[in-house]
Amino acid sequence: MGMDPDETEHVRSTVRRLLDDGVQRRDPQAYFDRTYHPDVTIDEAPSLPYGGTYRGLDGAARHAVAFTRTWDALQPTPAARRLRYVVHALPGAAFVAWSLSAVDPRTDRLVSFPAVSHYEFDDGLIRRSRMLLFDTHAVLDLLRRAGAR
């Protein structure tokens, strides 16, 4: 069974729209309704301030608010929000290797945390999203130092 180049390109472009418009530009109107399936499930490490499982479009909106509330002060510039990522698209799924950057309040230097995300698709939209930070302890340490909620 071969890969459908149109489907994999659709998966790739949908993930890029989520990361570029959603995470980096914080522009929900540019991506939200064209990216998430109505029955989407988003999973983040429960230990994070925005962690847990979010279901449906309302849940996805709550996740976006909690994520930006946590990271906005630590990502004050477009350079700090810039994701360095590689998308590996398959029919109906994608794996993304990326890094989350932030300004360390102790040093005012940009720090990065490696991560991997897994996306499953249904009807051309993201149905399941799992974000996996490599070193959650280091992320939590930075967030504590910054007083993030």
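## Overall fold

The protein chain holds 5 helices and 6 strands. Read from the N terminus, these elements follow the order α-α-β-β-α-α-β-β-β-β-α. The radius of gyration is 15 Å, close to the 15 Å that the globule rule gives for 149 residues, so the chain is as compact as a globular protein of that length. Please keep in mind that this is a predicted model.

Along the principal axes, the C-alpha atoms occupy a box of roughly 50 × 30 × 25 Å. Of the 149 residues in the chain, 43% are buried. If you look at contacts with a separation of 6 or more, 51% of them join residues 24 or more positions apart.

## The nonpolar core

Let's go inside next. The largest nonpolar core contains 36 residues. Strand 4 supplies the largest share of this core, with 5 residues. The residues with the most contacts inside the core are V15, Y36, Y50, W71, W98, Y119 and L133.

Leaving out residues up to four places away in sequence, V15 touches V87, A94, V96, Y119 and F121. Y119, one of these partners, is also on the list of core residues with the most contacts.

## The largest pocket

The largest pocket has a volume of about 400 Å³, and 26 residues line it. To find its centre, look for V23, Y31, H63, A64 and F67, the lining residues that lie nearest to that point.

Several elements build this lining. Helix 1 (5-24), helix 2 (28-35) and helix 3 (56-71) each give at least two residues, and so do strand 1 (36-44), strand 4 (93-103) and strand 6 (125-133). Helix 3 contributes the most, with 7 residues.

## Two aspartates with positive phi

Most residues other than glycine have a negative phi. Two aspartates are worth a look here. D108 has a positive phi, near 60 degrees, and sits in the loop between strand 4 and strand 5 (110-122). With a relative accessibility of 64%, D108 counts as exposed.

D123 also has a positive phi, about 55 degrees, without being a glycine. Its place is in the loop between strand 5 and strand 6. D123 is exposed as well, at a relative accessible area of 68%.

Definitions and conventions. Residues numbered from 1 in each chain as written. Predicted model: local features only at pLDDT ≥ 70, side-chain atom pairs only at ≥ 80, totals over all residues. Heavy atoms only, no water. 1 Å grid on protein atoms, 1.4 Å probe; cavity = no way out; pocket = protein on both sides within 12 Å on 5 of 7 lines; lining within 4 Å. Points joined across faces, edges and corners; volume = space filled by probe spheres on them. Helix = DSSP H or I, 4+ residues; strand = E, 2+ residues; numbered from the N terminus. Core = buried A, V, L, I, M, F, W, Y, C linked by side-chain atoms within 4.5 Å. Buried < 20%, exposed > 50% of the residue type's maximum accessible area, 1.4 Å probe, protein only. Contact = heavy atoms within 4.5 Å. Rg over C-alpha atoms; globule rule 2.2 N^0.38 Å.
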